Amino acid sequence: MSDDDDVATLGELLCARLCHDLAGAVGAVGTGVELLTDELGSREFADDAVALLATSAEAAVHRLKFLRIALGHGGQSLSCDQLKGLVADFLGPSGDAHDGVRLIWNDAEPAIWDGGAVKLLLNLILLARDCLSRGGDLIVESAGSGAEIARVTAKGPKAGPAESALALTAHGAGSLGPRGAQGYYTALLAQRIGASVSCEDSHECVVFVAVKN
């Protein structure tokens, strides 16, 4: 496969991944509209439909903001607080849901993340979330000094390397699916800023570490 073909395939797969991540929230908006239309005579059902619409629309907006920076062209510098808020909104409330993901953010330097590091961290978070098929903790740690850029840990019941994590070492996009493309893309982002990403798997715990080369 030529380099041009590889880039085109990667773009198509990432678009498929983006659409998949947005489908649930946008689909729920449609469900809310149907409920509102069907139950206009019932105040109780109308209130439920409006609440569903508001929640689903908010979730779609948060996902779009996150994915625009994680997958979009260029980079955007963010403060640690801005970055934490972006990730928290994207993951949503964990609650007591079976597949809920709880964000644990261990603040450290840098106070301001440059665009390349922001994109890499957000994509590491996508990889870590993929590893939490039954929910759990997503732990973000940034290094204050040394070569380590960031460490993202997925810890929870049945946590293990997902297809996207395994594709960190892929040599092209041709044989990958949409989730696998996420891992390949993350490795390319790391290379772009002179870094590399490793994935360590232990019992129900997957750790991603980005390190400057």
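Trainee: Let's get oriented. How many helices and strands are there, and in what pattern do they follow along the sequence?

Mentor: The secondary structure comes to six helices and seven strands. Read along the sequence, the pattern is α-α-β-α-β-β-α-β-β-α-α-β-β. Bear in mind that the model is predicted.

Trainee: What share of the chain is buried?

Mentor: Of the 213 residues, 43% are buried. As for contacts between residues at least 6 apart in sequence, 68% of them join residues at least 24 apart.

Trainee: Now a helix pair. At what angle do α3 and α4 pack?

Mentor: You look at the angle between the axes, and anything under 35 degrees counts as roughly parallel. Helix α3 (residues 80-91) and helix α4 (residues 115-130) pack at about 30 degrees, with axes 12 Å apart. The two helices are therefore roughly parallel to each other. Their crossing is right-handed.

Trainee: Which residues make that contact?

Mentor: From α3 you have L83, L86, V87, F90 and L91, and from α4 there are V118, L121, L122, I125, L126 and R129. Sorted by class, that contact has 10 nonpolar residues, no polar ones and one charged.

Trainee: How far does α6 reach from its first C-alpha to its last?

Mentor: The idea is to compare the reach with what 1.5 Å a residue would give. Helix α6 (residues 178-192) has 15 residues and reaches 21 Å, close to the 21 Å expected. Its buried residues are G180, A181, Q182, G183, Y184, Y185, T186, A187, L189 and A190. Just after α6, G194 takes a positive phi of about 70 degrees.

Trainee: Where are K158 and E204 found?

Mentor: K158 lies in the loop between β5 (148-155) and α5, and K158 counts as exposed because its relative accessibility is 54%. E204 is in the loop between β6 (195-202) and β7 (205-212). At 28% relative accessibility, E204 counts as partly exposed.

Methods. Residues numbered from 1 in each chain as written. Predicted model: local features only at pLDDT ≥ 70, side-chain atom pairs only at ≥ 80, totals over all residues. Heavy atoms only, no water. Axes fitted to C-alpha atoms, helices over the stretch in contact; angles between N-to-C directions. Helix = DSSP H or I, 4+ residues; strand = E, 2+ residues; numbered from the N terminus. Parallel < 35°, antiparallel > 145°, perpendicular 65-115°, else oblique. Left-handed = near helix turned anticlockwise from the far one by under 90°. Contact = heavy atoms within 4.5 Å. Nonpolar A, V, L, I, M, F, W, Y, C, P; charged D, E, K, R; others polar. Expected span 1.5 Å × (residues − 1). Buried < 20%, exposed > 50% of the residue type's maximum accessible area, 1.4 Å probe, protein only.
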